[in-house]
Amino acid sequence: MQLALWQRLFLAIAALSSVALAGFAVWQEQGFRRGFLGYLDEVALERLQPAANRLAASYLDNGGWAFLRADELRFAALVEPDMPRFLRSAALRDGSPTASITPPERDRVAGPPPMGAALLLSRLLLVDRSGAVVIGNADISRDATHLAIEVDDERVGMLYLQSLPHLLGPADVAFAREQRRGALVAGIAMLAAALVLAFAMARWLLDPVRALADGTRALAAGDYARRIDQKRRDEFGALAQDFNHLAMTLEQHREARRRWGADIAHELRTPLSILRGEIQALQDGVREPNAQALASLNAECDRLGGLVEDLYQLALADAGALEYRFEELDLAEVVRESTEMHRRALADDGLVLDEVITAQATVRVDARRIGQLIDNLLANARRYTDAPGRILVRLEASATHVCLHVEDTAPGVPAAAMPHLFERLFRLDRSRSRAAGGAGLGLAICRAIVAAHDGDISASTSSLGGLCITVELPRAEHSA
């Protein structure tokens, strides 16, 4: 069975929590054991301090350690005064023939020795000043914890205490068992809380992933209106924001394609309808097949051919297939040549063309495409400027850029429509009507050409009362 991502995340967190808690429990158990044994050794060492003082006094009274050699009962009495009674009691219970103790005394010593008296004695070793064994467990290491036996500030012996290897006393074992039980209960409670938290965290973390998956499936199915909640401020929130932006972009592109197709069909339908009507009129004998009729048909064919050519140019620009041959040119010369070509046609339409070129401007451009750019801008100004009118071409240069301005007189363009002038098939039917010709593709082609030259094109209100198109191109690197 394939596990969901949140389930795998939950199992991973649960496994990690379990391993971490198990490791902590082992570490805590070992640490507690070492610490508790160390504590017991420290307690035993503190209890032996009076014994060291008694051993020093006995050494002084007897003039050496000879009195103590092989006398375990005396050594026990010096370590802990009550210990010999319990040792004799233990020997009596075991049937030892060496135990000679009266019945009243036997009654007084009945019961176990306190604090493991026999065990404490087996953990002790007494050596003289030369390190020779006096009495005790000779197997005890000389690195064990020890107390110095001193007489008149002179060390006469050393009392070694062997560390406990493990818990032996019933009280100690019971205490350790109780601590282990408490740690186990706490560990189980912590593990249960960790599992609940891991389940909630896995679900919470992967909620945006499920939303993104659902949204992606919706986009694949064509539902571009789908949006994802982006209240979170982490990486998932940024991803949701990017998804919403992608969905909005796809929705806009789909609407643009729909409008694009509808506008193209509309633009093609108009000349085709005119052609069909005029041909039918000629076929029905309503119109004579004279030069005027043929000129009208040819004009519609030219208009249809121009539209198809513009669409082709835009398709090439979108595909990055427009050919460019860049070379360093004086843009002023290109502007003069292009304006001179349009001057007569503009004059025939009642428009005056002026040019103002303030400086030489060397740029790296494709001369043919820049000429096409200027032709489109002048044609656009000619088409949408009322006669009598004026068109002004200005060329300015700065240290890094060259600016070409094409301005015309009324009618102007509302400020709200300025950002849309370079969209395909966009026109203002009120002030710049279809009767003037054009399909609204000229400025879109201009934008593609300018973008290919790493420039910028924008529209603004002209000081002449009409529209001002500004083209900004970078200057050649070596030019000043």
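The model is predicted, so local features need pLDDT of at least 70 and side-chain atom pairs count only at pLDDT 80 or more, while totals for chains, interfaces and linings use all residues. Residues are numbered from 1 along each chain as its sequence is written, and side-chain values use heavy atoms, with hydrogens and water left out.

Begin by selecting L331, I370, L373, L377, I391 and V471, which touch the most other members of the largest nonpolar core, a set of 44 residues. Such a core consists of buried Ala, Val, Leu, Ile, Met, Phe, Trp, Tyr and Cys residues joined through side-chain atoms within 4.5 Å; buried means under 20% relative accessible area (1.4 Å probe, protein chains only).

Next, centre on I391. Leaving aside residues up to four places away in sequence, its contacts (heavy atoms within 4.5 Å) include L346, L353, A381 and V406. Another core, of 27 residues, lies apart from the largest one and includes W65 and L120.

Now select strand β11, residues 465–474, where 7 of the 10 residues are buried. Helices (H or I, at least four residues) and strands (E, at least two) are DSSP runs, numbered from the N terminus. Two strands pair if DSSP finds at least two bridges between them. Strand β9 (residues 401–409) pairs with β11 in the antiparallel sense over 8 bridges, and V402 has L473 as its bridge partner. Strand β10 (residues 456–461) is also antiparallel to β11, over 6 bridges, with I457 opposite V471. A hairpin of 3 residues joins β10 to β11.

Finally, select helix α11, residues 442–452, whose buried residues include L443, I445 and V450. Just after α11, D454 takes a positive phi of about 60°.

Note on methods. Buried < 20%, exposed > 50% of the residue type's maximum accessible area, 1.4 Å probe, protein only.
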